[in-house]
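Here is a short briefing on one protein model. Please read it alongside the sequence and the coordinates.

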Amino acid sequence: MNWDFIINLIVQFTVCSVASAAFAIFYTPPFRHLIWAGITGGFGWVIYVIFANYGVDAGFSSFFATVAVTALSRSLAFHRKAPITIFLIPGIIPLVPGIAIYQTGYYMFMSESSKAISYAASTFSIAIAIALGMALTLSLPQVFFSFKRKKNL
């Protein structure tokens, strides 16, 4: 990794964190959780970009980023004593394939079925990857995310 890529990642992390925190306002979380909801979104996007930078398919990149976001959300929910949705939904928002959904509809209405099918396949693969990543991580026992230290007596 070169310095340009790292600086680009920092900028993207910052922008995604702010956007995720702004989206989290719709769910009216307590203010003390708002910054963590934003950080979750930025973290997920950075994971996605790193995998995509190494040539991994968008579906697999979304899957790994979703697993990371869901694991971070479960840990934050446990440690901050809050519902997981406060962190999970804003964390997933940067991964949603919005432009691919738009382009699917656009090319469908423009009667360019080959492009529409291509974008639809991409959209469905990303959506399925997000759903599988969440399901896989949410099915793990809470003990993996609690990280409690034992007290020495």
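**Salt bridge and its partners**

Lys 115 is partly exposed, at 39% relative accessible area. Partly exposed is the range between buried (under 20% relative accessible area) and exposed (over 50%), using a 1.4 Å probe and protein chains only. The model is predicted: local features need pLDDT of at least 70, side-chain atom pairs count only at pLDDT 80 or more, and totals for chains, interfaces and linings use all residues. Residues are numbered from 1 along each chain as its sequence is written, and side-chain values use heavy atoms, with hydrogens and water left out.

- Lys 115 pairs with Glu 112 in a salt bridge, and their closest N and O atoms are 3.6 Å apart.
- The term requires a side-chain nitrogen of Lys or Arg within 4 Å of a carboxyl oxygen of Asp or Glu.
- Glu 112 is partly exposed too, with 33% relative accessibility.
- The structure has one salt bridge.

**Overall fold**

- The protein chain contains seven helices and zero strands.
- Its pattern along the sequence reads α-α-α-α-α-α-α.
- These elements are DSSP runs, numbered from the N terminus: helices are H or I with at least four residues, strands are E with at least two.
- The C-alpha trace spans about 70 × 35 × 30 Å along its principal axes.
- Of the 153 residues in the protein chain, 37% are buried.
- Among contacts with a separation of 6 or more, 68% join residues 24 or more positions apart.
- Contact means heavy atoms within 4.5 Å.

**Packing of H3 and H6**

- Two packed helices are described by the angle between their axes and the distance between the axes.
- Helix H3 (residues 58-79) and helix H6 (residues 113-138) have axes that come within 8 Å and cross at roughly 35°.
- Axes are lines fitted to C-alpha atoms, for helices over the stretch in contact; angles run from 0 to 180 degrees between N-to-C directions.
- The H3 and H6 crossing is right-handed.
- On the H3 side, the contacting residues include Phe 63, Val 67 and Arg 74.
- On the H6 side, they include Ile 126, Ile 130 and Met 134.
- By class, the contact of H3 with H6 has eleven nonpolar, seven polar and one charged residues.
- Nonpolar covers Ala, Val, Leu, Ile, Met, Phe, Trp, Tyr, Cys and Pro; charged covers Asp, Glu, Lys and Arg; the others, Gly among them, are polar.

**Ser 73, inside H3**

- Ser 73 lies in helix H3.
- Its relative accessibility is 0%, so Ser 73 counts as buried.
- Beyond its neighbours within four places in sequence, Ser 73 contacts Thr 40, Ile 84, Phe 87 and Leu 88.
- Ser 73 and Ala 37 sit 36 residues apart in sequence, with 8.3 Å between their C-alpha atoms.

**Positive phi in two loops**

- Lys 81 is not a glycine, yet has a positive phi of about 55°.
- Lys 81 is in the loop between H3 and helix H4 (85-92).
- Lys 81 is exposed, at 72% relative accessible area.
- Ser 111 is not a glycine either, and has a positive phi of about 60°.
- The loop between helix H5 (98-109) and H6 holds Ser 111.
- Ser 111 is exposed, with a relative accessible area of 66%.

Methods. Left-handed = near helix turned anticlockwise from the far one by under 90°.
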